[in-house]
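Trainee: Could you walk me through this one? I'd like to look at it before we start.

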Amino acid sequence: MKLSFTLNGREVTVEADPRRRLSAVLREDLGERSVKSGCDAGDCGACTVLVDDRAVCSCMMASGQAAGRRVETVSALTLAEGMPGALQRSFLHHGAAQCGICTPGMLMAAEALLRRQPRPDERAVRDALGGVLCRCTGYRKIIAAVMDAHRFTDNGTTETGDAAAPVGAPLPRIDGVPKVLGSEVFGADIGDAGDLHIRVIRSPHARARFTFGDLEAFRQSLGAELILTAKDVPGRNLFGVIPPFADQPVFAEGQTRFRGEAVAAVVAASEVLENFDVDAFPVSWQELPAVSSSDEALNGDAPLLHEGRVGNVMARGRVRRGDADAALAAARHVAEGRFSTGFIEHAYIEPEAGYAVRRGDVLELHVCTQAPYMNRDDLAAILGVGADQVRVIATAVGGGFGSKLDLSVHPFLALAAWRLNRPVRMAYSRGESMASTTKRHPSEIALRIGTDAHGRLAGMVFDGIFNTGAYASWGPTVANRVPVHASGPYHIPNYRAETVAVHTNNPPAGAFRGFGVPQSAIAQECLFDELADMVGIDRLEFRILNALDNGMETVTGQVFTQGVGIRRCLEALRPRWRKALAAAAAANADGQSSIRRGVGVAGLWYGCGNTSLPNPSAMRVCLRADGRIVLFQGAVDIGQGANTVITQICAQALGLPVTAFELIGPDTARTPDAGKTSASRQTFISGKAAMLAGEKLRTKLLRLANVSAAAVLALESGRLIACEGGERHEIDLTALKADEDGFVAEASASYDPPTSPLDENGQGEPYACFGYGAHLVELEVDRDLGTVRLLGIAAAHDVGRAINPLLVAGQIDGGIAQGIGLALMEEYLPGRTENLHDYLIPTIGDVPPIEPLLIEEADAHGPYGAKGLGEHVLIATAPAILNAIRHATGARLRHLPATPDRVRAAIREAEATP
Amino acid sequence: MAEYCRPAELGEALDLLAGGGWRILAGGTDLYPANAARDRLPGAVLDITGLDGLDGIGKQDGFWRIGAATRWSSLIGADLPPAFDGLKQAAAQIGAVQVQNMATIGGNLCNASPAADGVPVLLGLDARIEMASARGYREMPLAEFITGVRRTALAPDEIVTAVRIPDPGPAARSHFLKLGTRSYLVISIAMVHVMLIADPPGRVADARIAIGACSPVACRLSALERELIGHPFDTSLADRVREEHFAPLSPIDDVRATAAYRLEAAREMTRRAIAAIVAGGGRR
Ligand SMILES: Cc1cc2nc3c(=O)[nH]c(=O)nc-3n(C[C@H](O)[C@H](O)[C@H](O)COP(=O)(O)OP(=O)(O)OC[C@H]3O[C@@H](n4cnc5c(N)ncnc54)[C@H](O)[C@@H]3O)c2cc1C
Ligand code: FES
Ligand code: FES
């Protein structure tokens, strides 16, 4: 049917099925790729467009209903080509776009409001934007940007990073403009409607045997190009992020180990797949008894998931120092408890997606990934080719948080494009993404901590069981990281922490912001509050009393002579803590109301980089003859700001402005290996490599101009200018000999932070540096309904050096929002919460005002003193919330999430035990 | 047969339906998510959003009439007496703005989810459902229209044309409370709609209390309604709420909450809704 409507002011007519969702028509038939698709179910709002000035989810609108109407996408806000309008510039200025996948939807929802109400208050902004989810920003900067949009005019200029001293400047992100224009290219935005698509056939059972019928007959009857199964994997039908543990097949063979595991894939034109009924696929299932929990897995009778992994144990971790049992026996006060958390879904708004094409003997894959190099190596093994025959190019990543380190769509795309020699695209549906990709490990923690009479920590015994699901993924990392961190940033002389990662018939648990540490911090920080009460001292002072400091031994026996910032973080909260306690006491004074106010605090630490393993990053920076600096920046920016921060560091080292830079993004064929975006390592490690490379290039440029280190450099079109002692030297770059890429000077550097291996008791130097922080939460609990309303959060973070305070604040807000979700609402139940309306993440109304307090306790290794931050921010939020709930009501929440029914039950329990 | 039709005349729609095989599409906010794996709705789709006179609010012969294709967002701002405050409160809490701008009141009722926010409100307003087919019109109380979880009395050739509400009068006051785990886009753990009418001496002349998400179909608490009638319209009214009044409920444990919690919360919310109406002053 011919369909006509006005799109961004232009009459368009398109041949489209009127039953097709408008979002698909806009994206695929009309090329409006700024319309994002995160769920196709109205749950995320990424597809929001305006129809006759009203915000609607285009994924739920029949395109037939658009006929004759006025449809506007984010392109309507853009002025001329590439020129952001007022609202978009306010977003840039405030750092309201991180990964940018939610940004077009946010902008359109905001635009609908601003057309009616140009100066909205916060309540109005929340109501207008409540239907758009963001997993990165924590919403606070978005609220500020919308409220502030009236200050920006359409014809103002866009801020650029032309600061004299780039490090420390709150520059808007340098890759921000395409994000607010909606022109950013994410995994699903490459290729066109005519390319082949893939539909994966997945196990409906947690554990099953299966057999295929006649696949070739089915392929022909369907009109598909190819059906892939385990038999079609030319190389190794196995992958895994930690090579010695690689255990996950691309396609299951004979038996599946979790619900959602792939057994086959159908490659066909999109029209063919649109009519394809997955249930018609010729496979028969025989369901087998499954291991659903760690408890079951560890029971001796449980079926083994992997041969050779005795007792379903995949990995163990241990740190032992002093005599913990004796210390607890002698302790004056001992608190103990059992805590549990469930699977947590990353819930980035961009489901996994990519595009693959074969170019001669090279497979080229564009994909949203956090780890292009690791992906390349795994794919080469799967295809049975050399690593140089696979090229992975990272697209923009619409949120990662750890899960996009692992392979997802990659092998399907690679196998199909390799075999058929045709371009292939695919994007996971939300349900498929949730069912098949990694999760945060569920935890079962038993913990005992003791102090002396004065409240000094004497000993701690920690036992953690982590459910790692069907495959290893990052389970070994969790098992190793947790014992090192479970003490929190405190001095505990006698300590034993043991972990075990256990296989179950569940989706693989992998990396998620904090690798198990958020789970252990909940247990430790909650018991600290109970200990402080037993001792009879203030809960914040208890932490300050026990805080680590320079010169003290950590639980692995590591002694930092510098850079330990936890005490300063905790002390920074003191004034606000006292005020908050007084405010809570006043609010609760009447004792009658159902509403009780509470205040909670929690501390955190987190090691930057891999645990006792090498993890180098390399950077290359070049000067082109036209006077532009080109940075080969292979550290994937997943929204956290690596592009900006690493450029700022390099610019500082070079003594040139950020505006002189052009970036070449992560591409295994072009950029040096900057490692994976995980373990909060990109600012710390890749940033350091960028600094070293920048310094090297500067030395070369100084030599070229024949000036000393004191000279001030500048670049103009085709010229290098060096000023020293009032003298100006000019070098004509175009006269220099350039290499084949046009570069006249270049420098590379790599950096690997110093660590040492851990011995059998976990003693050693696991990290060159830790970052520290502490959160203070104020909230209200409705005693009778068990609901929690957050009033405000203060977050003190020792970042060593805030390379970009705007981005630091953005990381803090975003991490806190995820911590809120962990504490209050998130739990993934396989088969039951595989969508974004049963799996709840915080909306714009669930994140209170956040006050960041930046502490800069410089680290000797980090670039300009900087430490990592990405994962740290999530760790303290949940325990601070739980501690505040307990303060408000006496309720002890030990099994997360603390949903209203659980909070209410805990309040009843607290009321029953005087 | 055409695969998509968006007629302007009700008669045409009814003739098509009489031929069989159609699926009715209104705002699509239930239908599209239910087909999230595909890019289009399968089968023949009869789009009713173009029908003349199917949306809008009016008053006729002592009844308020809300067209079935009326969007929730039109209800939020509608000029209606205070008896409809609860309906507006519910409308403003359906999903979020984008959903309210698309979703229709008729779709909410026809979808018949136990968690549909519109159902307890309209039960509490004694709403009647008007249906049309090529065979003619018929009407029945909402309580009879919804026959079970996602089941209604609608025949395959019928379309819901309107919701008709007997005018509760200017003295009626209502309040709606919804409980969920987050601020927006949240499926109710429980919701409560209370409507009270005070007589001139200041006693409860009529009370209607409906609870959603605590039984397969939302239901009225007639014992509590009887309990409240005749009592002074003052702050003691909420104290009359007792556990046994909630016997008609049969909540379940699900991912959102336990059954026991739902019962307790429903009770507490009922108290609060009553208290809110009393605090608002009843007759203004
Ligand atoms: C993100 C999201 C959040 C939501 N939040 C809420 C919420 O908070 N509370 C809530 O109650 N609901 C919620 N819903 C559900 C939904 O929006 C409502 O039920 C809505 O009112 C349905 O109306 P619709 O017009 O979109 O229905 P449609 O999807 O068009 O239709 C729903 C069903 O009713 C039938 N139908 C529709 N109109 C008629 C008619 N006039 N005659 C006969 N049959 C008809 C259709 O055939 C279909 O079976 C939410 C949905 C989404 C996607
Ligand atoms: S894609 Fe439309 S709401 Fe998520
Ligand atoms: S910036 Fe909002 S989802 Fe990433």
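Here are some questions about how its parts meet.

Mentor: Quick ground rules: residues are numbered from 1 along each chain as its sequence is written, and chains are lettered from A and ligands numbered from 1 in the order in which they are written. It's a predicted model, where local features need pLDDT of at least 70, side-chain atom pairs count only at pLDDT 80 or more, and totals for chains, interfaces and linings use all residues.

Trainee: Which helix of chain B gives the largest share of the side that touches chain A?

Mentor: Start with the contact: 39 residues of chain B meet 50 residues of chain A, where contact means C-beta atoms, placed from the backbone, within 7 Å. Helices (H or I, at least four residues) and strands (E, at least two) are DSSP runs, numbered from the N terminus. The largest share of that side of chain B, five residues, comes from α5(B).

Trainee: Why is the site of ligand 1 called shared, and between what?

Mentor: Among the 33 residues around ligand 1, G42(A) and G27(B) are two of those that come nearest; "around" has a C-beta atom, placed from the backbone, within 6 Å. Residues from both chains surround ligand 1, so the site is shared between chains A and B.

Trainee: Which element gives the most to the shell around ligand 1?

Mentor: Several elements of chain B, including β2 and α2, each supply at least two residues of that shell. The most, five residues, come from α6(B).

Conventions:
Two residues are in contact if their C-beta atoms, placed from the backbone, lie within 7 Å.
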